[in-house]
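Hi,

Here is the structure I promised to pass on to you. Have a look at it first, and then read my notes below.

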Amino acid sequence: MENHGIFVSLPLRSTDLRHPEAKPRQKGVTKRQIPAQNTENFLTPGLPHNEAVPQGGGPPPCHRSSKPGSSPHTSNWDTAEGGSALGQKLHWEAPGVSVDSVSRIIDGVTYPGNIKEKAAAQEQYSAAVERGESAGLVKATGRKTEQFQVSVSVAPAAKITFELVYEELLVRHLGAYELLLKVQPQQLVKHLQMDIYIFEPQGISFLETESTFMTNELAEALTTTQNKTKAHVRFRPMLSQQQKSPEQQQDTVLDGNFIVRYDVDRTVSGGSIQIENGYFVHYFAPEHLATIPKNVIFVIDKSGSMSGRKIQQTREALIKILGDLGPRDQFNLISFSGEATPWKPQLVAASAENVNEAKSYATAIQAQGGTNINDAILMAVQLLERANREELLPPGSVTLIILLTDGDPTVGETNPSEIQKNVQEAIDGQHSLFCLGFGFDVSYAFLEKLALDNGGLARRIYEDSDSALQLQDFYQEVANPLMTSVAFEYPSNTVEAVTQDAFRLFFKGSELVVAGKLRDQSPDVFSAKVRGQLHMENITFVTESRVAEQEEAFWSPRYIFHSFMERLWAYLTIQQLLEQTVSTLDAEKQALEARALNLSLSYSFVTPLTSMVITKPEGQEQSQVAEKPVENENRHRNVHSGHTLFRYHSVGGKASRVSGPPGPLHPPHLPYPPHRTPWRPTPPDVMPRLSATSFLDEHDMDLRIKETTTASPHHAPIQPPSVILPLPGRSVDRLCVDLKRSQGPTNLLSDPGQGIEVTGHYETEKGHFSWIEVTFEKPQLQVRASPEHVVVTRNRRSSAYKWKKTLYSVMPGLKMTMDKAGLLLLSSPDRVTIGLLSWDGPGAGLRLLLRDTDRFSSHINGTLGQFYQDVLWEPLAAADDSKRTLKVQGHDHSATRELKLDYQEGPPGTEISCWSVEL
């Protein structure tokens, strides 16, 4: 019997997940669900500063039972206080999945919300508006969040508290489950604690955390304990740790995202089945299957509306995607504006020569003209059909069409319904079409129907600095098909109803889920089969689950959120019914919507068909309406995510203890040594208070430097070297290296023993690196730094981080941090520490820093790595003690004693005397 779970207890109000449109559809990638408890401390605006909010004794110990990737119900509190009779607006941010309730607390009495059909809810709301007693709740869609806005009239001196409870279902994306929490209290919080509990009997394969607000001081408040099956992440900062600086004691540094990612151990199997109260959920994500070769055609919009940043980011993403094609893949490109033009007359193999030629073609794509979507997609289908007729498609391969467009059709066939009809008739179920909508000027409903009608999915690409990464990440989701024609089979005498049980494709890193309802007389052992096709063979997986054991486990007192399986079955059924309405005629559409509405009302889900109404008893009538956002309502709206629009006041609360399953949770050994201050001074926002003496001393030192510089006005300012290499245990403790000959990308450091490789491109004319790339073998991680930003790629997932924005990420065997001074550190207890610095001083640009270089192995090599092999310094020349000869691996290098600017401690740098070598 398998029993999975993750539970979050937190006082933090905003949890952030993907936009509802971004959820995978035909792939069957599954989201997860888990309940909430009373949070240990609620953020409750409106109370006196730092006043505690008693919450009672709290719930009994519980086990969060659900599948990997689950996340909680969570309670989000906000309070409106009336200083006048004017209305106020309160905002929540929450994922676009399932809102359980929006309750209102007045004078200690809770008035829960009720789910109603949307028209009926609107009628009640409108009547209340006419009486002048009402308030409306409007929900807007953001990139990863939905913002719930409550407008409410509050009488003078009155106070109303709103509570939002929701179920958040996570998707397994590129091999990991991700829980993203927004931490934005906007004030200091006396008692703040966040706990995340994970229980995975299959075993936790990896667990990592990331934060965009964590400082080294705050990191002391973050603890992670983990064993094979359990993990507990706790964040409990003291008031002093939350302060921005001693000078800004009332301002909090807590303002950003906290992310937990993890996955479970998997095998080639039929997945796991969980059963409770007459319902089951079947999770399927086999590992170690071979990737099926694919034939992919990229259909790229190059109309005039794509000009500027869009086409630039599209070219950048396309070049990267082309480089990721597999050696057994075939591909082609079609660019279109008023007309569609293929790159090649037929599909070609993804050889190095063809890929390089395609990259050159992509680089030259220019945006101009109209938008002929119909002809472009039909041309892609014709290329695939011709290749199939001529038997040019490898046996057992899959065929994909990936469309990227930013607008509506304006040339050729412009009727969306006709285009959808033409495309569906042409594809005829033989290929999968994926549609990417760039920005908000495109009709997403049009693209969604195109994709769903043809075995694919639609995704919005948001106009942002990371748009290219969004495109690359989407491609990674579909880059590795593992199975086709996947079908789940259950005994007909055992199962009464199931959600979608047939899927065209299963991709690496994703997961398929089927939920169902058992008949009254179910057998002792519930069996299931999963059939599908691998590259060149059929395969059948078989799995079993003992019903009595499952029922007993899920009715255990440790598992207090009962009916999870039933609610997940209802949720998936509703989502799939709504998806079917996209591709059906009006008569059938009405029947599907009626079924979805009935389920939404029965299980109290806020969907596009329902709204939630909050009322007081008669005579005290006041109403609010919560609605599910509709994509088209936001089509021409510039939507921003990640910003909470209300103020927090005081916070506090009585902690409710929540524990996981029985058994000890052994804390691991501390993975990192105590923090040591790196090469730079502490940034101003975390500077300790200085005594008058120390301040004057530091000021005097600055004056001396200025005087020295001023005394030599005719000399060029001292410049930093290309790289400063610390040489521990040598007669010379550091070496300044100047790179004078640029030869394109260079292997700077490569150490197989450490599993580290550093490459870069140094521009001699500018005197700095245009990019530096650090690659780790374990964990598999790539960090590519450019003057604009840092891109981190992990498990095929890429994330962009701007310089001088706080970052704190802990993953197995590696810690990655960035501070507001622009210093990115990659450290590990037994590895060399690598630093990347966005340097603003003389010779501004990227700089490389090294620490703990005594940890390099004897296999170190590279342009810089050679200096950590056998190095021999010749004696000083008698005539000139400013020159020496340095022997490195049999080669002589002339070293000169020079004044250089040490960039390692941050701008403006420190003047040092250093032995300098030119390469």
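This is a predicted model: local features need pLDDT of at least 70, side-chain atom pairs count only at pLDDT 80 or more; totals for chains, interfaces and linings use all residues.

Six strands form an open sheet with mixed pairing, in the order β39-β40-β55-β54-β53-β52. Strands here are DSSP E runs of at least two residues, helices are H or I runs of at least four, and both are numbered from the N terminus. Two strands pair if DSSP finds at least two bridges between them. At the edges lie β39 (723–726) and β52 (871–873), each pairing on one side only. β39 runs antiparallel to β40 (residues 734–738), joined by four bridges, and Pro 726 stands opposite Arg 734 in β40.

Residues are numbered from 1 along each chain as its sequence is written, and side-chain values use heavy atoms, leaving out hydrogens and water.

Now to helix α4 (residues 309–323), which packs against helix α5 (residues 352–363) at about 175°, with the axes 9 Å apart. Axes are lines fitted to C-alpha atoms, for helices over the stretch in contact, and angles run from 0 to 180 degrees between N-to-C directions. The two helices are therefore roughly antiparallel (over 145 degrees; under 35 is roughly parallel, 65 to 115 roughly perpendicular and the rest oblique).

Enjoy exploring!
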